[in-house]
Each structure stands twice: as structure tokens, then as C-alpha cells.
Amino acid sequence: MRGRTRTLTCGVLAVALVAGGCTRTTDSGGGGEEKKTKTQTGSISYEAADNRGPAAAVDGATRGGTVTVMQVSDFEHLDPARNYVNVQQVTGGLLYRALNGYKENGSGQLLLVGDLATNPGKDVDGDCKVWEFTLRDGVKYEDGSPVTSRDVAYGIGRSFAPSLNEGPHYIQQWLYPGGVYNAAYKGPYDGGKPAPDGITTPDDRTIRFTFPQPHCDMPYAAALPTSAPVPAGKDTRDQYDLRPFSSGPYKVKSYQRDVALELERNPNWDPKTDPLRTAYPDGWRFTFGLESAQIAERLVADAPADQASMSWVDVPPAVLPRTTSGGVAERVVKGPTQYTWVLNINTQRVTDLNIRKALNYAVDKDAVLKAIGGQAAGSPATTLMSPTTAGFHQYDVFNAPISGDRAKVAELLAGKRPKLVLAHSNIELRTQQAEALRKNLTDMGFDIVMKPIENSSYYDEIGRKNNPYDLYIGGWGSDWPTGSTIIPPLYDGREIVAEGNNNLSYLNESAVSAEIDRIRKLPAAEQDAGWMALDEKIMRESVPVVPCYYDAAYELHGSKIGNTFLSDAYGILQANTIYVKQ
Amino acid sequence: MSDMSHPPSLSTPRDPDVVDAAVAVNSPADVPPSRQRREIVGRSPNQLAWLRLKRDRTALVSSVVLAVAALVALAAPLIARLTGIDPTDKFVDRLNDFGMPVGYAGGIGGDHLLGLEPGSGRDIFLQLVHGLRTSLFIAFASALLASVIGVGVGIVAGYARGWLDSLINWFVDVTLAFPFLIFALAVIPILEDRFYTEREAASPGFRIALIIATFGLFSWTYTARLVRGQVISLREREFVEAARAAGAGTGHILFRQLLPNIWAPILVTVSLNVPQFIAVEAALAFVNIGVTEPTPDLGRMIYNSIGYVASDPWYTLFPGLTIFLLVLAFNLLGDALRDSLDPRSTR
């Protein structure tokens with residue numbers, strides 16, 4: 001075996017040298033001029049035309065076929081109560097419908113409209129405290145029974161259960177403010193009430209949320225999978241992950257964990273009730289356990305069997321140069337996502353503001369980005385929020401050149417040589433990135449110690465309040481395109497707990513916390529500008545991080561997949577209106 | 001090589017350096033003895049082996065390759081000074097938007113003889129030269145360590161007989177049955193955590209020492225078994241009996257009487273161990289327990305470069321070719337060494 005493999009490798013190498021060896025690599029990797037950053041308006045639409053089903057037909061789209069999605073790992077959770085990751089949310093959207101959803105058509109317009117609900121929610125008293133949703137008529141489960149508002153309430157109720165705690169907890173926390181979201185109510189199991197306090201269902205098609213405090217973001221929170229209906233009779237508790245009961249266009253045909261998930265049509269789904277989904281393909285097939293390079297190579301090759309395939313995995317750097325030639329380039333879907341990657345500075349340890357400022361002048365963002373794929377991986381950042389956030393405007397507190405400002409660093413360090421521990425995930429790409437940072441910061445006058453952390457426990461380790469590290473890279477994406485799911489979870493010091501923190505710089509400044517409270521009380525229309533102003537204020541006065549890059553998606557699909565565009569809501573290829581070319 | 005097919009010790013004194021003479025001895029009937037006018041030189045087995053080795057062209061070529069590699073590895077700091085480039089220097093401005101080196105053949109040019117690494121923008125030539133240094137050092141040190149342990153244990157086991165031999169054999173079996181990679185995966189990170197706090201980076205030397213120790217701990221068994229077998233076959237020979245009769249102590253018999261007679265197979269084992277260690281050290285990089293960044297290392301370089309085989313084949317080619325030549329040269333030299341030290345083993 002060994003001999004065979006070795007011969008094969010040599011053969012491949014020889015062919016590759018002949019094929020790609022003597023072409024000149026030019027300065028732009030391909031599409032370098034395309035540097036538009038989409039600015040998100042994130043508008044909520046109450047227009048009847050936007051909220052009415054069926055979804056607009058896609059030009060040239062045909063029904064039928066099966067889409068194959070190649071993935072590295074299986075979905076952790078498809079249970080709507082536990083579904084939080086973007087790929088799972090998009091897949092979940094094929095199986096069940098939340099109260100609201102994002103309507104996109106590839107032109108960059110992102111509208112929040114009612115999905116199960118007839119519109120994105122009525123603010124009953126005009127103070128954002130009482131929200132009422134009316135369900136559409138004629139929405140049915142896969143067995144033909146009607147979807148009722150009690151099922152939505154039950155679905156939210158079960159998300160309080162301690163065994164189903166992996167999902168987002170916005171609505172839960174708003175219903176029970178102060179303390180842990182499920183301290184008072186632990187879901188409908190073991191004798192609990194079927195629905196939490198504050199949720200009432202006056203009739204089968206109406207659900208009403210009453211919050212103690214105003215929450216103008218409710219239409220966005222209702223677009224998370226938490227509000228998908230779960231009939232109490234079909235609830236299999238922690239087994240629900242494997243077979244969610246379908247209220248959407250597809251139902252689970254077979255699911256073999258870590259191997260494959262197959263979806264087939266739900267015959268009881270009525271397109272006339274659905275403003276978001278066209279559901280052109282007859283089925284979906286998700287395959288798991290492939291290497292990212294393997295996926296990218298298969299999609300580049302576009303062999304007949306893989307032509308109706310796509311992937312939500314970014315093309316790894318090594319394969320990028322092969323995606324720029326004509327035939328492949330047009331099958332690339334790329335663009336900014338809602339994630340911003342920053343170099344977190346542990347402010348509990350690095351208390352000297354001048355060192356934190358010096359780090360901002362020192363980091364070579366070009367090297368940090370090129371280590372993981374250059375412009376395909378992202379673009380250099382100067383702000384905390386990503387350009388896809390509502391109300392975003394670009395600012396740069398430090399105005400350092402992209403590869404750093406040596407003179408400014410020397411001035412701020414004033415002859416000191418701070419010793420800093422840089423923790424990084426031990427996978428190859430992150431190690432390369434950390435080594436780029438180490439070299440860059442060492443040259444700039446810091447003493448850097450690299451500490452590799454096992455990839456699977458990376459965020460657990462740096463999420464411990466008293467972790468022993470000074471610097472670590474981390475990415476965060478908003479749950480909906482406003483600053484309210486970026487600034488408070490990342491920079492509100494009152495949310496710091498012993499373990500599992502999102503506030504990785506451990507910034508704890510009362511001025512920032514007070515400002516967060518003030519902005520939350522503003523009318524919805526003024527909040528976006530408020531978050532942006534706070535973003536700049538944090539970077540100007542507290543400097544808890546070095547913004548490194550705005551993440552970009554760079555995905556490939558086969559030649560037989562149509563209507564492919566990047567979903568601005570999820571930062572990956574969309575699934576709702578995709579079709580297979582016949 | 002037909003002249004090497006007979007052990008010198010079994011025939012009358014002759015000159016194996018001269019083919020004619022050898023033929024003459026092998027076929028005495030055809031050649032009149034009057035032609036054997038040349039001076040008969042007495043040579044020790046070692047001299048004979050050296051003569052055979054000198055005539056072996058494969059051995060010559062592989063030794064030259066290895067000498068060049070060793071020289072380059074030793075001169076690595078000098079090369080860095082001459083070129084003015086440190087192996088960790090990053091030429092990010094010479095990479096394009098995707099992080100691929102700009103220019104022909106992976107950025108090969110006057111400044112960067114073998115081009116640049118994609119992504120990091122490090123100079124491949126200097127990474128290679130310094131990586132060679134790390135790899136060769138690890139391989140040689142491990143081979144030496146394994147041989148020292150193996151020879152010591154093997155001689156004792158072979159000479160001791162009885163319960164000590166059984167015990168050592170049992171221990172060798174256990175060591176052989178122990179899964180090397182799993183042991184390395186478990187022990188290297190734990191030891192590192194034991195000796196370094198959370199805010200200290202393990203020094204590159206510590207990781208290298210751990211790798212050498214792990215290799216040594218697992219590879220002495222082959223040498224030990226070989227030496228034990230040799231000792232068992234020798235210990236009943238007359239010269240050992242004679243030494244014992246003359247009142248020599250065990251230590252004298254082991255190390256003065258037996259060891260000089262078995263150094264040939266030991267040398268061969270060492271020469272075959274070195275390439276094996278080079279290859280395994282490279283494999284460690286694949287499971288994240290090899291030499292860590294930023295110490296340049298040949299194995300890790302190959303591991304990182306494999307993904308680029310289609311997009312930047314030059315990056316894969318140079319470290320791959322280097323390790324291929326190294327391992328091949330060591331193996332061929334080892335074979336040649338065995339042939340010349342023990343002519344009976346040739347086909």
C-alpha cells in the first residue's frame with residue numbers, strides 16, 4: 001500500500017508541475033478590484049405585498065432534482081430549540097417555519113417579513129412591550145394537521161428545558177429578565193406549564209408576548225428558530241434533533257448521524273402560504289465527514305455526479321488559486337458576512353491603555369489575512385461591528401498603515417518591551433495566523449509567547465474569566481443585523497461570568513454599560529446610530545481589541561445549481577429559492 | 001561484486017583489492033601459481049570492508065549527498081547571514097490577494113532561491129536549510145540513543161541466560177507491543193504542561209528533546225534483539241572460552257571480547273534507523289506533536305505544503321524532494337555498508 005500511495009503522489013506532483021508550474025502568479029488573486037461592501041439596512045417590512053405568499057418565481061427556475069450539500073461535520077442540532085449555528089438555521093428553515101423570516105432575492109435587499117405570521121409582529125401598545133403575531137391560515141404539518149399558536153408557545157416553552165439549552169435565549173431572557181433565563185421556569189417537562197409566563201394564545205391563530213421591559217428587536221428575535229411550532233404530541237425531547245416534525249416544504253426522509261441527512265417533499269406544505277420559499281428541488285441530501293480540501297476539489301472539478309452539489313464550507317487557501325479561471329470563477333459565491341474577527345486583548349491582564357493602543361498600531365492585518373487566504377477570507381477591519389450591520393459607517397481611530405506603524409508603537413511603548421501570551425487554536429490555519437502575528441509583534445517590540453490550544457476547546461479556554469492568556473483571536477457574528485446582538489454580548493462587563501464568556505476582552509467599564517442601557521431605551525429608529533457611536537467610543541476610549549478583519553464567505557457550487565447568492569442574513573449560500581438546472 | 005561473495009576469513013591470505021588475484025584463488029586449477037608474484041598484504045576485516053565500500057559507486061554517491069546535506073545543515077546560520085534573511089522573516093508584500101507568491105514557479109527569483117511559502121511568505125530556501133538542521137539532529141540523536149540502549153540491553157540479555165534474559169526479553173516484547181504514536185500523543189503534551197506553566201511557551205529544545213527521548217525509548221528494541229542474537233552465537237566460541245579460562249571478568253568479556261565482533265550489524269542498524277526517524281519525525285507533524293512553530297522543521301513543512309500540491313506545486317516539491325533524497329541516500333548507504341561489512345549477505 002505504501003509504495004502505491006507514494007507512486008501516486010509523485011505522479012500527481014509531476015502532472016501538477018506541468019500544468020501549473022510555469023504560469024506567472026499575478027498580484028491580484030482574482031477579482032481583487034471587486035471591493036464593494038454591502039451596507040445592510042435590515043428593514044422590517046409590513047407591506048402586504050412582501051408578506052404575501054407565494055414567493056416570487058425565479059426567472060428560468062425549474063422544479064425537480066436533488067441538491068447535495070457537502071459538509072465537513074454533521075449539524076450539532078436541528079431541534080428548533082437548540083438550533084443556533086447559521087448552517088443549521090438555513091437547513092432548519094427547510095424543515096420548519098418560525099414566526100418571521102428573511103426575504104432575499106440576491107440583489108442585496110434583505111427584508112424581515114412574517115413567515116408563519118401574517119406580518120412581522122404588531123407592537124400592540126406602541127411601547128415595544130406587548131407583541132402580537134397572527135398565524136397564516138392553511139399552514140399544515142407533514143401529517144396534514146393545522147399549525148396552531150399553542151404549538152408555537154409550546155415550542156418556546158420547551159426551549160427553557162435545561163436539556164435543550166443550546167439555542168438562542170433572547171425571548172426567554174426577555175420574558176424572565178434578571179438572572180438566568182430558566183431559573184424560574186424550566187419548560188413543559190416534568191409537570192411544568194406548557195407555555196412560559198407572558199405568552200398567551202387567545203385563539204388558535206394568535207400568540208401574544210408580554211415583556212416587562214421594552215424590546216423593539218422582537219421581530220428579529222422571532223426570526224430565530226426558537227419560535228418554530230412543535231406539537232406537544234410529537235415532542236420527543238432530546239431525540240427531536242434527529243427528526244423535527246415538519247411544518248416547512250421538506251421533511252426528514254432519513255438521517256444517519258455523521259453520515260448523511262436526506263430530505264423529501266412535505267406534501268402538505270402549501271406554497272401559497274409561504275412568502276419566503278419556492279422549494280424547487282424535490283429533495284436535499286447533506287453528506288458529512290468530508291475534508292474541506294476534498295469538497296473544494298470536487299466542486300472545482302465539477303464532475304457530472306457533483307454538478308448538483310454545493311457546500312457551505314469556505315474554500316481552503318490552498319485551493320483558492322484554482323477557483324479563478326473562467327468556468328470555476330462563475331461558480332464562486334463570495335461576499336462579506338456578519339462576522340468580525342478581532343484580536344482580543346485580555347483587559348484584566350493588559351491594563352495599560354498605551355500597550356493596547358500600541359497593539360492597534362502594531363498588528364499587520366495584511367499578514368494576518370494572507371495567512372488564511374487573503375481577500376477570500378476577509379478584508380481588513382477597523383471597527384467592532386461588521387459592515388453588514390444596520391447603520392454601519394466606517395471609521396478608523398488609529399489610521400495606521402495596513403502593515404503597522406512602527407514609529408507610533410515605539411512612542412507608545414516608551415522603551416518597554418511587554419511580554420504577552422498569544423493563545424491560538426492548534427489547527428494549521430490558525431497556527432499559521434498566530435505565527436504571522438508573533439513575528440509581526442516581535443518585530444514591533446513586543447515579547448510574544450505562543451500557546452497552542454486544542455481546537456475543540458479553544459473558545460471554552462479563552463471563555464474562562466481567569467484564563468492566563470493576554471491575546472487571542474476570536475470572531476463574532478450578529479444574530480440579526482443590528483448592533484444590539486454585537487455590542488452588549490461582547491462589551492457589557494455585567495455579563496461576565498466564570499465560564500463560557502462571549503466578552504473575551506473582559507472589558508468591564510461602567511461607562512460602556514451605562515451607554516448600552518441608554519441605547520436600549522431609545523426608539524428603534526435611533527438605536528442603529530447609537531450602537532455605531534458606541535462602537536467608536538469603545539475603540540477610542542477603552543481599546544479592548546484590535547479589529548483584524550471582516551470575515552468573508554467564499555463558497556463553491558456545481559454547475560447545475562441555479563439562483564445562487566449569498567444570504568445576507570446568514571452569510572452562507574441561501575437555500576430557500578435555489579433550484580437544480582434540468 | 002562477484003569478488004565479494006566469499007568471506008575473507010575462510011580463505012587463505014590474499015589481496016581482495018586485485019580482481020585478478022581473487023579470481024586466481026577461486027580457480028586455482030586454471031591459473032599457474034607462478035603468476036602470483038605480487039606481495040601478499042595482510043588486512044584486517046575492517047580494512048577489507050573499507051576497501052569494498054570505497055569501490056561501491058552507490059555508496060559514494062549517497063555519501064556525497066549526505067555530506068552536502070550535513071554541511072548545509074551545519075552552515076545554516078552562515079547561509080542566513082549571507083542572504084540576510086531570517087527563516088521566520090515574512091515577505092507578505094510579495095504575496096498576492098489570495099496569499100500566493102507573486103511571480104513564476106512559486107516566487108522563485110534572485111532574492112528567494114526556492115520561492116516563498118504561500119500564506120506566510122517565508123523564504124522556502126531558508127526554511128528548508130534550517131528545517132534540515134532540525135530533522136537531521138533529531139534523527140541522528142535518536143538513532144544514537146536507541147543504539148546505546150539497544151546494545152547495552154542486548155549484550156546483557158545475550159550473555160546472561162536464565163531469568164535475566166527472560167525478563168529482558170519479556171520487557172522487549174512489551175515495548176514492541178506498545179503503540180508508539182499513541183504513547184507519543186499522550187506523553188508529549190502532558191510532559192510539556194508538567195514542566196511549563198500556562199504562560200510559558202515550551203522552549204523548542206524541550207520539544208525536540210522529548211521527541212528524541214520518545215524515539216529512543218521505542219526504537220532500541222530492534223538493536224537489542226539483534227545484538228542478543230549475535231552475542232548468543234558468539235558466547236560459546238573458543239576465544240570467549242579462552243578469555244574466561246584466562247580469568248577475565250564479565251565486563252571484559254562483554255565489552256572487550258564480544259562487542260568488537262558485533263559492531264558491524266550495529267552500524268548497519270544505525271544507518272537504517274536514521275532515515276526511518278527522519279520519516280517518522282515528519283509524520284509527527286501530521287498529528288500536531290512534531291516540532292512547533294516557529295522552529296523550522298522539514299516534516300512540518302511537508303505537512304503544510306501538501307494542500308498546495310495542485311495550486312503551488314513548487315512549495316511541495318522542494319521539501320518533498322529534500323526528504324526523499326535524504327531517506328534514499330541513507331538507505332542506500334546503509335545497504336552498501338551492510339554489503340561491505342558482511343559480504344555473505346549479498347545476493
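A:Ala279 is placed in the loop between strand 11 and strand 12 of chain A, where helices (H or I, at least four residues) and strands (E, at least two) are DSSP runs numbered from the N terminus. The phi of A:Ala279 is positive, about 50°, although this residue is not a glycine. A:Ala279 is buried, with 24 other C-beta atoms within 10 Å. A residue is called buried if 20 or more other C-beta atoms lie within 10 Å of its own, exposed if 12 or fewer, and partly exposed in between, with C-beta atoms placed from the backbone. A positive phi, near 55°, is also found at A:Asp190, a residue other than glycine. A:Asp190 is in the loop between helix 5 (170-175) and strand 8 (199-203) of chain A. A:Asp190 counts as exposed because it has 7 C-beta neighbours inside 10 Å.

The model is predicted; local features need a pLDDT of at least 70, side-chain atom pairs count only at pLDDT 80 or more, and totals for chains, interfaces and linings use all residues. Residues are numbered from 1 along each chain as its sequence is written, while chains are lettered from A and ligands numbered from 1 in the order in which they are written. The predictor gives the complex an ipTM of 0.71 and a pTM of 0.78. For chain B the average pLDDT, the predictor's confidence in each residue from 0 to 100, is 79, and 88% of the residues score at least 70. Residues 1-29 of chain B have a pLDDT below 50, and beyond near neighbours in sequence this stretch has 35 contacts in the model. Two residues are in contact if their C-beta atoms, placed from the backbone, lie within 7 Å.

In chain A, five strands form an open sheet in the order 10-11-12-3-13, with mixed pairing. Two strands are taken to pair if DSSP finds at least two bridges between them. Strands of a sheet pair through backbone hydrogen bonds, either parallel or antiparallel. Strand 10 (250-256) and strand 13 (309-310) of chain A stand at the edges, each with a single partner strand, so one side of each has no neighbour in the sheet. Strand 3 (residues 66-70) and strand 12 (residues 283-287) of chain A pair in the parallel sense over five bridges. In this pairing A:Arg285 of strand 12 is the bridge partner of A:Thr68. Helix 3 (residues 86-95) of chain A lies across strand 10, strand 11 (260-265) and strand 12, and runs at about 125° to strand 10 of chain A. Axes are lines fitted to C-alpha atoms, for helices over the stretch in contact, and angles run from 0 to 180 degrees between N-to-C directions.

Strand 18 (residues 471-477) of chain A is mostly covered, with five of its seven residues buried. Strand 18 pairs with strand 14 (residues 332-345) of chain A in the antiparallel sense over seven bridges, and A:Trp476 is the bridge partner of A:Thr340. Strand 18 also pairs with strand 16 (residues 419-425) of chain A, in the parallel sense over two bridges. Here A:Tyr472 is the bridge partner of A:Ala423.

Chain B has twelve helices and one strand, and its elements run α-α-α-α-β-α-α-α-α-α-α-α-α from the N terminus on. Of the 347 residues in chain B, 40% are buried. Among the contacts in chain B with a separation of 6 or more, 70% are between residues 24 or more positions apart. The axes of helix 5 (residues 124-160) and helix 8 (residues 204-234) of chain B come within 5 Å and cross at roughly 35°. The contact of these two helices of chain B has 21 nonpolar, nine polar and two charged residues. In these classes Ala, Val, Leu, Ile, Met, Phe, Trp, Tyr, Cys and Pro count as nonpolar, Asp, Glu, Lys and Arg as charged, and the others, Gly among them, as polar.

B:Gly334 lies in helix 12 of chain B and counts as buried, with 21 C-beta neighbours inside 10 Å. Not counting residues up to four places away in sequence, B:Gly334 touches B:Val268, B:Ser271 and B:Leu272. The C-alpha atoms of B:Gly334 and B:Ala59 are separated by 8.4 Å, although the two residues are 275 residues apart along the chain.

Between the chains, 35 residues of chain B are in contact with 45 residues of chain A. Strand 1 (103-104) and helix 12 (313-341) of chain B each supply at least two residues of the side of chain B that touches chain A. Helix 12 of chain B gives the largest share of this side, four residues.
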